[in-house]
Amino acid sequence: MAVASTRNLMMSIGAVLALSACGGGADRVASPGEGAFPPAPAPAPAPGPAPAPAPAPGPVAGCPTGFSDVGTIAGKTNCRLPALIVENTTVPYVDGVLYSISGYTRVGEDVGGDAANPRANQRSATLTIEPGVTIFGSSGQDALVINRGSRINAVGEKTKPIVFTSRQSVEGTTNVDSIGQWGGLVLLGRAPTANCIGSVTPGTAACEAEVEGVTGAYYGGNAPGDSTGTLKYVRVMHSGFEVLPNVELNGITLAGLGSGTSIEYVQVHNSSDDGFEWFGGTVNNRYLVATGNDDDSIDTDTGFSGAIQFAIVMQRGQKAASGDRGDRINEMSAAGSSALPSNPKLVNVTFVGAPAHDRSAMVLNSGTHVEYYNAVVTGSNNCAEIDTAGNANTRGTFASVFFSCGAPFYNDGAGTQLAAFTANANNVANGTSSLSGFTNGANENAVTAADLSTLITRSGGFVRQVNYIGAVKDGNDTWWQGWTCGLPGTPSC
């Protein structure tokens, strides 16, 4: 018994010493009294029932001033934008409100292509759209058109993007094949274009063209620095429509936009025609996402000379109606005067073609000169097609470009395109993709990034120097999260 008592006493002393030795300073748990043990914590109360989720906001009474109450849709009030907006107007975010367009909603009247001398008696306006607003169209000719001299100020937030979509989308009936359910977004500016009506000189105020798909809407002019406003944290979904045979609206049409326009953090999803299409202009763009588009995802024409940095393209696999596959990831054309050649610069882009895609990922034709830097191209039958037969001035510049396709170049008879490509030691013609979706793996990150110092100067400081190729360096590079849909870790579209 004496031995047992001594053992118990020593164990109690050891426990006290062990507790007193744990931690020190501000982190130390205060003792309730010298030599005493803290009382046992009170048992936690049994959990009650989980609180009911907050109900979704229902319709509200009436619409903000300037908008027409046209009933309810999806349990919310449907407020229609006017057909013509000629005063500065804000589309406010209101719980329980969805906004719609019917036919063409035009912002401002066309002031012409001369920025210093706008046409008299033509009214301009700025349309401001608040974060979280959803605007939908119900038919193919429902489109939002920003005329020359007017502006759109659509600045969403990363967790509260501005959404342009279809009636079916807000009703919850869209699926992976839902395309072409409304028109799209058309932005028009006064920057130079090579596509002139009549015999006029590109880059002058008289050089203008009617934009594809919208009657009476013109672009082009003499103002390279023109501004048509800002798109930021914006999604355009289920758009694009063939107004007439071979006359189509895109997800977003960017026609004659000047470098004063800001386009960043913008997604086009499931357009029945092109995702983004630039007609002339000098606008620079960054952080673009194109998913599920039925025609080309990035299309440039008529003297476009801007830069695109950081872009993800996930190409549609199968056309919904025809059974054909989605078209090219890029179709880069010059169409227009050789006095103003197209010269797009694509930097830090990742292009993922559809499985068994039977077309070239990137097609350059009609005298365009496209520059690719830090690009990753994979998944297509051919990575690039440079059509010099149609125009000997067609060419591509490639630096730190990683190809992983069935073949690097389409129809490269003597291998001249491949030889020019591999002359740059940082280009990879027959790589093995290690992408995780569109995020770089070891093989992509093994490629030395291009020195962009000259391009930075040429872009007026817009392009940024980075130390990796592709649009998404690794798992810590999350610029695409929070505002997109249909990508890994994002909501469905």
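Visitor: What should I know about the model before we start?
Guide: It's predicted, so local features need pLDDT of at least 70 and side-chain atom pairs count only at pLDDT 80 or more, while totals for chains, interfaces and linings use all residues. Residues are numbered from 1 along each chain as its sequence is written, and side-chain values use heavy atoms, with hydrogens and water left out.

Visitor: OK, how many helices and strands does the protein have?
Guide: Five helices and 30 strands, taken as DSSP runs numbered from the N terminus (helices H or I, at least four residues; strands E, at least two).

Visitor: And what share of the residues is buried?
Guide: 51% of the 493 residues. Buried means under 20% relative accessible area, exposed over 50%, partly exposed in between (1.4 Å probe, protein chains only).

Visitor: Switching topic: how many disulfides?
Guide: Four, a disulfide being a pair of cysteine sulfur atoms within 2.5 Å. Counting bonded cysteines along the chain, the pattern is 1-2, 3-4, 5-6, 7-8.

Visitor: What does the C63 and C79 link tie together?
Guide: C63 lies in the loop between helix 1 (2-21) and strand 1 (68-73), and C79 in strand 2 (residues 76-80), so the pair ties together parts 16 residues apart in sequence. The link is left-handed, with -90 degrees about the S-S bond.

Visitor: Why is the C383 and C405 disulfide called right-handed?
Guide: Because the torsion about its S-S bond is about 85 degrees.

Visitor: And C493, buried or exposed, or in between?
Guide: C493 is partly exposed at 23% relative accessible area, whereas its partner C485 is buried at 1%.
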